[in-house]
Every structure is written in structure tokens, then in C-alpha cells.
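Biologist: Pick one part of this fold and walk me through it closely, please. Then carry on from there to whatever else stands out, and spell out your cut-offs as you go.

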Amino acid sequence: MTSRATARRRRTPFAVLGALALTLSTLTAPAFAEPDLPSDGAGLSEAQLEAQAEPVNGIPGENEISRSRNMVLVSHLDKVAPLDQTQTDIAFQGNYAFVGNYNGFTIYDIRNPRSPKIKSSVLCPGSQNDVSVYGNLLFLSTDSSRNDNSCNSVSQPATEKSSWEGIKVFDISDKSAPKYVAAVETDCGSHTHTLVPAKDKKSLYLYISSYSPNATFPDCQPPHDKISIVKVPVRNPAQASLLKAPVLFPDGGNKGKSGTIETGYVTATSGCHDITVYPQLDLAAGACMGDGVLWDISNRENLVEINRVQDDEHFAFWHSATFNNNGTKVVFTDELGGGGAATCNEKIGQTRGANGIYDIVGKGKDRKLVFKSYYKIPRMQADSENCVAHNGSLIPVPGKDIMVQSWYQGGVSVWDFTNSSKPREIGFFERGPMPNKAGGGTWSTYWYNGYIYSSEMGRGFDVIDMRDPRTFVAKFFRTNELNVQTQGNFYRG
């Protein structure tokens, strides 16, 4: 399962933000503060700040909410048929959030985050339907074998040569009526994709991640140690086409190690699950099953490996990657159990199914990924709750490395990794177990223009307000477009 900051920003200068934060520190608590919440201004003691991370409620029962005092749910929308299947990833543009669903995608109007509304829904079955946006274009990943590339397709075995998987392109200039524009087939489908603007801005590249080849699948043959690169002319997206499929692991990558969730295992590398790019720095970080990789992408069509790491003791499946704002660190996630298992418990411990924090040390081609620590939510979950590190994004706080992240039924966690060796949670929001021990939880949780948005797989769409002086200045940062897997510097061009 998975995960996406192209950002055409309206930046607030750093100095202005600093002055604004200083001014706000002299004000009393804003009108929206609840009685159990401290001021959003500065001046709180360390003990008061830590108290905000204490739960308002204890261990929640089915569908009950537990949260830290600084995390307040301000709105929720249930899923609506026919898009009532698993909700997946989120992209943002202007006043809209685009949320993938195994049955298509939904466009939410978030002009008023406290009262979001569904603008339109597009029925287009084909998991996972991860989504990204750029201008008037929306891209949708299909990683389930279909009988054709249309939105009327039905499931068809991957053993049949005529089956289709890949990337779909939509025109979203009219948010109330998106139009299907093009489709490009890729080997083993498109589990996730990463949008990479060309340096001349005339084209877009999509790095397509897929995996799990099988000798019986005509279009997904082993070893599949590659990604697919699709090129999209911005002014003529109907001409989108497969450019190349470069082999990224000529040595085959991690060979894997057998085992169980309890005893530990390592997934053999056969492609990548997710790639995050930082185009301004010409860098990409790949979470590739058994390997974590840092690439030079100064030539967008030719990824050059800088460094590769493995962690066969603690990481089972390298799932996703997030740079810090300065591009000097990478947070890799381990999706132990594939997102369907209960791994946030004492039996599994705090160093598996967790995040791995790596500093990028050195310069140029000599840069290395240096491990610093693990981070995992500190709250033990019930054995019925699927829980593991999943998709998240940075919160734009100058001079700090703070991230909000999904943990399936472990909920939403906000954590600070400014000190790479000593990460700590500063806020959380979670619901109790799903009824009848069903799987579910939050798939992607991202910060966008002052609020936290969460795609709840089984329940719908959540908007959370974080009321904390440590992140308050981030409320004044604005961006016009956000695809979390395409990162950029918040405060510089």
C-alpha cells in the first residue's frame, strides 16, 4: 500500500514569518482555542509543551477518538458510493484536495477546511489509484490488472497478454467534470508514481514504481529491477508516452531473507515501491523493497546512484522516503507486514515497522546515507489494529524538521526529528479499533496551507487543526500545489 511537494508557492519571506511569530507571542489565546488547549503563542514552559502530547482520552474503544490536546478534528466527510472503497493518497491544488480511491478519485472543495464539500467524483476502478496534479493535469496510477485502459474496465488476470496496467491522465481544468485524456501502459503497472517537472517546464516526467514480477505474467517478467519513465508534454498531454525503463539494480539489489513478522524478514528487491524527488537539489530518494537509495537526477532521464543502504535487521520492506526541507536528511519508512498487520505492540517493539532517519553526509558523488535513529509511535495498539509507518509530509516550520504521518489504525502522529538521533512525538490523533476487527486507518496524512488532511481508508476524509506554538508559524505558509513526493524548499525558490 502507499503514497506524494511540487509547489508553485506564494512564499512568505522567512524574516516576515519570524516577525509575525514574535508578534503573535504577545497575543492572548485565539478565539478557536478550546478550554483544555494552551495559547498558540510562545512563552510556554517545556512542561506545558510536553503536556500537550498527553491524551485527552485514554485508550479509545471502537470508533472513539483519542488525541493530544493540540490536535483537534474540525471536520469529517464519510465516503460516498460508488467511491466507497479504500481511500488512498492525496494531492492538493488551490482550494482543492484530490483523493484517490480504489474505485477512482474524489475532488474535495476545501476552501473552508471546517466544511469541506465534494466537488466531483470520477468512477475509474483500478487500485491503488494514487494521484498527483500539475496545472490542469491529474495523473492516476493503476496497479491492478484490467481488461483495457478505460474507466469502464473490469478485472482480468495478469496472465493474459491483453491485460492493462499503467498510468492514466485527466484534464482537470473543470473541477466539476474531469476529462480522461490519455493512458500509458507500464510493466507491472503503476503502484505509485512521482511527478518530476523537466528543467524547461515544457514536459513532465513520471517515475513509475512497480514490483512483484511473475514468470506467468507476460507484462511483468522477473527480475524487474527497474522503473518506468513516462514523458508528458505539458501542452499536449495526449501524447504522453513511455520514454524508457532503466534498470536501477544491475546487481539485483537486496536478495531478501525469509522469516515472519514476528521473527523478521527482508523483501527481495524487484523494483521500487516509492520514489521521492527534490528537483531543486537534483536528488531522488528511493524506497525499493530491500534497499534505500539516493540518486542524482540532474539528468531527469538518467538516474545515477549516489549511495545505497540496507537494514536487514530492522527493515522488512522499504516503503517511502521524505527529505527534510534542507535536503540533508531522508526519512525512510518500513511497511512491515504490508500494512495489514498489527505491528505497533510490545511484541514487535520500537525499531521494526518504524521510520529510519538518515543524515546525508558528504558532497557530490561521495554523499552517504548515514543512519541516526528509528522513530515509531509510542502508543501500543490493539492486536486487532493494523498499524505501521506509512505516508506523511513535512510541516513548514523554519529551522525545524517536523513531520505529520499516517500509521493506519495507529492514527496520525506529528513528530520532531530536528535532532536526528532523538526524534520525539509532539502530537497525535487516532480512533479506536474498527468494528469487527476490520482493517483500516489513515493511509496518507499531509499538511497543506495551515491544516492537516487525512485520507481515512475505511471512514473517509478528515481535517485536523494542530494548535501548538511549535508549528503555529506554519499556518502562514501558502502553496498553490502540493504533491508530497515532489519536494521543494518551503522558504526559497
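Modeller: Start at the hairpin: two residues take the chain from strand 5 to strand 6. Strands here are DSSP runs of E with at least two residues, helices are H or I runs of at least four, and both are numbered from the N terminus. Bear in mind that this is a predicted model, where local features need pLDDT of at least 70 and side-chain atom pairs count only at pLDDT 80 or more, while totals for chains, interfaces and linings use all residues. Residues are numbered from 1 along each chain as its sequence is written, and side-chain values use heavy atoms, with hydrogens and water left out.

Strand 5 covers residues 96–101 and runs antiparallel to strand 6, with six bridges joining them; two strands pair if DSSP finds at least two bridges between them. Across that pairing, F98 sits opposite I107 of strand 6. Strand 6 also has a partner in strand 7 (residues 117–123), again antiparallel and again over six bridges. There, G104 has L123 of strand 7 as its bridge partner. What about cover? Strand 6 (residues 104–109) has six of its six residues buried, where buried means under 20% relative accessible area, exposed over 50% and partly exposed in between (1.4 Å probe, protein chains only).

Now hop to E165, which lies in strand 10 (residues 164–171). E165 counts as buried because its relative accessible area is 15%. Leaving out residues up to four places away in sequence, E165 touches T142, D143, S144, S145, V184, E185, T186, C188 and G189, a contact being heavy atoms within 4.5 Å. The E165 side chain also gets to 3.4 Å from the backbone nitrogen of S144.

Next, the greasy parts. A nonpolar core is a set of buried Ala, Val, Leu, Ile, Met, Phe, Trp, Tyr and Cys residues joined through side-chain atoms within 4.5 Å. The largest one has 18 residues, and L294, W318, F323, V330, F332 and L369 have the most contacts inside it. Among the elements giving two or more residues to this core are strand 20 (318–323), strand 21 (329–334) and strand 23 (368–375). A second, separate core has 17 residues, including V196, A198, Y207 and I275.

Finally, the charges. Side chains of opposite charge can pair when their charged atoms come close. There are 18 salt bridges in the structure, each a side-chain nitrogen of Lys or Arg within 4 Å of a carboxyl oxygen of Asp or Glu. One of them joins R379 to E425 at 2.5 Å, N to O. That pair ties distant parts of the chain together: R379 is in the loop between strand 23 and strand 24 (392–395), E425 is in strand 27 (residues 424–431), and 46 residues separate them. R379 is buried at 13% relative accessibility, and E425 is buried at 14%.

D465 has a salt bridge to R467, with the closest N and O atoms 2.9 Å apart. D465 is buried at 1% relative accessibility, and R467 is buried at 3%. D465 also meets K475 in a salt bridge, 2.5 Å from N to O. Here D465 belongs to strand 30 (residues 460–466), whereas K475 is in the loop between strand 30 and strand 31 (478–479), 10 residues apart. K475 is buried at 12% relative accessibility. Shared partners join R114, D465, R467 and K475 into one salt-bridge network.

How values were computed
Polar contact = N/O pair within 3.5 Å; in protein donor to acceptor, adjacent residues only side chain to side chain.
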